[in-house]
Amino acid sequence: MGRSLQNARVLVLGGSSGIGLATAKAAASAGAKTTIASRSKEKVDAALKEIGGGATGEALDTTNDAAVEAFFARHPEWDHIVVSVAAGRSAGLRDLALQDAYNNMSAKFWTAYRTARLARISSEGSLTLVSGFLSQRPNKDALLQGCINAALESLGRGLALALAPVRVNTVSPGIIDTPIRASMPADQKKKMFESVASTLPARRVGQPEDVADAILMLMTNPFTTGSTLFVDGGGMIS
Ligand SMILES: NC(=O)c1ccc[n+]([C@@H]2O[C@H](COP(=O)([O-])OP(=O)(O)OC[C@H]3O[C@@H](n4cnc5c(N)ncnc54)[C@H](OP(=O)(O)O)[C@@H]3O)[C@@H](O)[C@H]2O)c1
């Protein structure tokens with residue numbers, strides 16, 4: 001297998017949208033046998049039409065322990081797994097209900113943990129987590145998101161030891177233009193993106209393909225494990 005994804009069995013959790021969808025498309029284009037999963041069957045089916053290349057998919061809520069256990073029990077060993085599941089709405093300390101905070105942690109952090117615990121990954125394969133640069137640059141209006149991302153980056157480093165020789169890495173994106181902000185009014189989003197872009201060395205916000213490129217590199221580079229790769233247009237240094 002090594003550096004090639006030809007015929008590799010690639011699973012993208014959260015592969016029906018945004019970064020996960022771009023990753024699934026890139027993997028399928030590189031010849032991988034690609035599978036996606038997310039909660040909505042409609043979103044999975046629509047994504048499969050975009051991905052092509054014989055990709056398969058199914059509905060799976062990764063916060064459901066029993067469903068995730070059953071999913072991994074009925075699937076064979078994977079070569080590469082990517083976890084790109086989003087948490088719910090983020091907000092400041094007093095604006096986010098505690099139950100929503102717990103749900104966010106469950107969707108993003110515990111999905112990665114339970115996947116690592118249950119999935120079988122080939123010894124030359126990889127697991128890639130998607131965190132976010134708030135891990136290093138806290139934002140008071142998305143306080144918990146930063147904590148979840150920091151926990152994921154730590155988890156990625158620990159898993160690189162626990163699952164070796166399977167390689168485990170984390171991609172930490174900055175602001176990326178994906179459907180994650182679908183509920184934001186278009187003019188507000190445009191202004192926010194322009195404002196962020198003006199502060200970034202890259203002078204633009206990211207596209208899902210920017211992150212997918214990095215994920216594919218981490219999947220296929222045989223000497224990279226325990227790394228956190230920032231794909232943030234320079235957000236960490238601006
Ligand atoms: N976009 C950014 O600016 C940005 C920045 C930093 C980090 N990130 C991180 O990057 C990751 C991907 O985000 P994105 O921007 O690509 O978001 P997105 O376009 O909203 O995609 C999120 C994916 O997660 C799936 N999902 C959500 N909850 C799920 C659950 N319980 N079980 C299974 N699948 C679930 C969604 O599908 P269903 O609705 O069908 O479940 C969708 O496929 C997230 O962890 C996000 O926090 C994004």
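Me: How far is a polar side-chain atom of Ser-16 from an oxygen atom of the ligand?
Reply: The model is predicted. In it, Ser-16 sits in the loop between strand S1 (9-13) and helix H1 (18-29). From there, a polar atom of its side chain lies from a ligand oxygen atom at a distance of 2.8 Å.

Me: Is Ser-16 buried or exposed?
Reply: Leaving aside neighbours within four places in sequence, Ser-16 is in contact with Leu-21, Ile-36, Ser-38, Lys-43, Val-44 and Ala-47. Its relative accessible area is 9%. Buried means under 20%, so Ser-16 counts as buried.

Me: Which side chain makes a polar contact with the side chain of Ser-16?
Reply: Residues that come nearest the ligand include Ser-17, Arg-39 and Ser-38. The polar contact from the side chain of Ser-16 spans 2.8 Å, and the partner is the side chain of Ser-38.

Me: Which strands do the buried residues of H5 pack against?
Reply: Helix H5 covers residues 143-162 and reaches 29 Å from its first C-alpha to its last. Its buried residues include Ile-148, Leu-152, Leu-155 and Leu-159. The buried residues of H5 pack against helix H4 (98-118) and against strands S5 (121-130), S6 (167-173) and S7 (228-231).

Methods
Residues numbered from 1 in each chain as written. Predicted model: local features only at pLDDT ≥ 70, side-chain atom pairs only at ≥ 80, totals over all residues. Heavy atoms only, no water. Helix = DSSP H or I, 4+ residues; strand = E, 2+ residues; numbered from the N terminus. Expected span 1.5 Å × (residues − 1). Buried < 20%, exposed > 50% of the residue type's maximum accessible area, 1.4 Å probe, protein only. Contact = heavy atoms within 4.5 Å. Near = heavy atom within 4 Å. Polar contact = N/O pair within 3.5 Å; in protein donor to acceptor, adjacent residues only side chain to side chain.
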